[in-house]
Amino acid sequence: MPTAIIYAWGGDELIKAHFKNALMLVGLLVLLLGLLWLIHHDRQRAVDLDH
């Protein structure tokens with residue numbers, strides 16, 4: 001669901017030529033991907049410490 005919302009909102013912004021809002025969306029997406037990467041590595045480290 002969140003992916004569909006981001007895709008729809010981003011496409012709408014690009015069609016309307018609101019590049020500032022589209023750039024903000026890209027920044028938000030990069031932050032979310034960074035957070036997912038950080039959570040993945042933290043959980044992997046926790047699993048490695050348990051073994």
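Guide: Start with a term: a residue is buried under 20% relative accessible area, exposed over 50%, and partly exposed in between, using a 1.4 Å probe and protein chains only. On that scale, 8% of the chain's 51 residues count as buried. This is a predicted model, where local features need pLDDT of at least 70, side-chain atom pairs count only at pLDDT 80 or more, and totals for chains, interfaces and linings use all residues. Residues are numbered from 1 along each chain as its sequence is written, and side-chain values use heavy atoms, with hydrogens and water left out.

The chain has 2 helices and 0 strands. Both terms refer to DSSP runs, numbered from the N terminus: helices are H or I with at least four residues, strands are E with at least two.

Now the close look. A salt bridge puts a side-chain nitrogen of Lys or Arg within 4 Å of a carboxyl oxygen of Asp or Glu. The count by this rule is 1. Its partners are aspartate 42 and arginine 45, with 3.0 Å from N to O. Both sit in helix α2, residues 19-50. They are 3 residues apart, so about one helical turn separates them. Aspartate 42 is partly exposed, at 40% relative accessibility. Arginine 45 is exposed, at 52%.

Helix α2 also holds leucine 38. The whole chain exposes about 4,700 Å², an area from the Shrake-Rupley method with a 1.4 Å probe, where for residues only the protein chains shown count as cover.
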